[in-house]
Amino acid sequence: MKEEGTYPKSSFIKLFDNKRTYFYEIIKEGTYPLTEQLHYTRNPKHPIPHNYVVKTQYGKAIYTVECSIEYVEKKPLYKICFGVNFSREVHSWETSTDAACKYYQEFNVMKEMEKNLNRYQSNKENKGKISGSLLFGLKLLSVERVRRTMSLDLKIRPFIDLGNSQKRRRILGLSQSILDIVERERDNTFHPDDQTANEEIWKGKILSEMQRLNISFQFWHEKNTNNLSYTSLMGPDKLKVLKEFDLFAVFQSITRAIQIRALWDQFNELYHLIQNKKTTGEFFRYKAKSWLDEFTAPSTGHPNRDNFVRGMYRIQDITLYIHVLCNHVAEFLEIHHKFGLAAFSCSPVEKKNHMQICLYFQNTLKDGGNRNSRKSAILEMLEHENRQLYFASNRVPNFFKKSKKYRLE
Ligand SMILES: [Zn+2]
């Protein structure tokens with residue numbers, strides 16, 4: 001049979017040969033289920049779509065039926081609606097032809113009754129039997145083609161071929177959908193210990209534990225923000241928490257409590273090693289390294305199984321102080337053995353940091369400036385410091401005498 005139409009531009013399709021003509025209007029194109037669930041018509045084989053609705057006119061375009069197919073529990077259900085306003089319905093779980101046969105039976109009964117009312121109307125078109133796949137429009141190749149390419153034709157182009165703004169949009173879209181998934185799955189995936197889940201319970205547990213240790217400690221929200229702040233502990237209190245805080249009273253997960261307790265104990269050991277004059281650089285380096293390994297321990301096991309152990313901290317959580325502790329303190333211990341680290345304080349480092357922040361805002365263009373002479377702010381700061389060092393070591397006067405004015409008479 002021949003197909004005429006411009007599907008998908010127009011939803012009307014004509015299918016005909018020298019004996020028969022069908023007019024179809026595709027109401028809902030439908031989709032093909034996954035390969036393993038997909039059913040086919042017999043002889044010739046056509047895939048059977050899901051969620052498909054078509055209006056079919058046959059028999060010199062005087063009869064119209066609405067056919068639909070829907071997969072229910074992995075089996076296609078064929079439905080034909082007909083009569084005034086498609087108010088009558090037959091359906092079949094077998095084949096489209098079985099549905100078509102049921103339709104014919106009902107239709108003939110209906111016609112028979114009409115014929116009794118009006119004896120003069122003839123009804124010749126009805127003699128030849130039509131196949132279900134014709135009535136359901138399952139032989140329409142143009143629709144089949146569109147359905148098949150639909151899933152592939154989501155305009156997916158390789159990332160590398162995209163323009164910059166499209167790349168940006170693609171990444172943003174992707175990250176948004178990942179974020180949506182994470183938000184949806186949050187409660188299933190993350191342990192209720194997570195702060196997001198029940199902050200209030202956490203706060204209560206921590207406060208009562210602090211009370212037990214006799215340490216004044218408070219939580220509060222900063223004005224107009226959602227940021228949770230808390231008392232910053234000083235030396236002795238911090239040490240007390242490090243040694244005595246009962247993590248098992250705070251964490252629901254015992255594994256987690258054991259993990260963090262071990263991390264804190266190791267840190268406490270480092271603290272004592274630093275003060276001990278007998279500690280060698282080599283030993284400290286080894287101890288600091290194994291503490292860092294514990295600190296950055298990755299997750300192990302499968303997130304949804306019992307064997308899952310959540311990792312500790314991320315690489316990004318390593319602060320500059322941690323870096324110095326693990327990479328440079330051992331060296332300091334070796335060089336300044338006779339003083340011990342207690343002889344040093346961090347305040348010069350903080351002062352230097354403060355000076356450089358001032359320098360950044362007062363003496364640099366903050367990475368901006370004229371396109372041709374643009375310089376990184378760090379470079380500007382280093383050059384500034386270099387000039388200062390030069391002046392200091394070469395006794396360049398850092399002020400000039402006020403200029404004298406001479407008047408010529
Ligand atoms: Zn370093």
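Reader: Which residue in β2 is the bridge partner of Glu-4?

Author: Strands of a sheet pair through backbone hydrogen bonds, either parallel or antiparallel. In this predicted model, Glu-4 has Lys-14 in β2 as its bridge partner. Strand β1 (residues 2-5) and strand β2 (residues 12-16) run antiparallel and are joined by four bridges. The two strands form a hairpin, with six residues between them.

Reader: Where does Pro-8 lie, and which residue does a cis peptide bond join to Pro-8?

Author: Most residues other than glycine have a negative phi, and most peptide bonds are trans. Here Pro-8 is in the loop between β1 and β2. The cis peptide bond joins Tyr-7 to Pro-8, with omega at about 5°. Phe-86 belongs to the loop between β6 and β7.

Reader: What is the order of the strands in the open sheet?

Author: The sheet has seven strands in the order β1-β2-β3-β4-β5-β6-β7, and the pairing is antiparallel. At its edges are β1 and β7 (88-92), each of which pairs on one side only. On average, neighbouring strands of the sheet are turned by 25° against each other, direction ignored.

Reader: Let us turn to the helices. At what angle do α7 and α8 pack?

Author: Two packed helices are described by the angle between their axes and the distance between the axes. Helix α7 (residues 254-275) packs with helix α8 (residues 281-295) at about 160°, the axes being 10 Å apart. Angles over 145 degrees count as roughly antiparallel, and α7 and α8 are therefore roughly antiparallel to each other. Their crossing is left-handed. The residues that meet include Phe-267 and Leu-270 in α7, and Phe-284 and Trp-291 in α8. By class, the residues of this contact are nine nonpolar, one polar and three charged.

Reader: Are α11 and α12 roughly parallel or roughly perpendicular to each other?

Author: The axes of helix α11 (residues 347-363) and helix α12 (residues 377-393) come within 10 Å and cross at roughly 105°. An angle of 65 to 115 degrees counts as roughly perpendicular, and α11 and α12 are therefore roughly perpendicular to each other. Gln-356, Leu-359, Tyr-360 and Asn-363 of α11 make the contact with Ala-377, Glu-380, Met-381 and His-384 of α12. This contact of α11 with α12 has four nonpolar, three polar and one charged residues.

Reader: Finally, into which domains is the chain divided?

Author: The division is into domain 1 (2-150), domain 2 (159-189), domain 3 (259-344) and domain 4 (348-393). Between the C-alpha centres of domain 2 and domain 3 the distance is 36 Å.

How values were computed: Residues numbered from 1 in each chain as written. Predicted model: local features only at pLDDT ≥ 70, side-chain atom pairs only at ≥ 80, totals over all residues. Pairing = 2+ DSSP bridges. Domains from an automatic or database assignment. Axes fitted to C-alpha atoms, helices over the stretch in contact; angles between N-to-C directions. Parallel < 35°, antiparallel > 145°, perpendicular 65-115°, else oblique. Left-handed = near helix turned anticlockwise from the far one by under 90°. Contact = placed C-beta atoms within 7 Å. Nonpolar A, V, L, I, M, F, W, Y, C, P; charged D, E, K, R; others polar.
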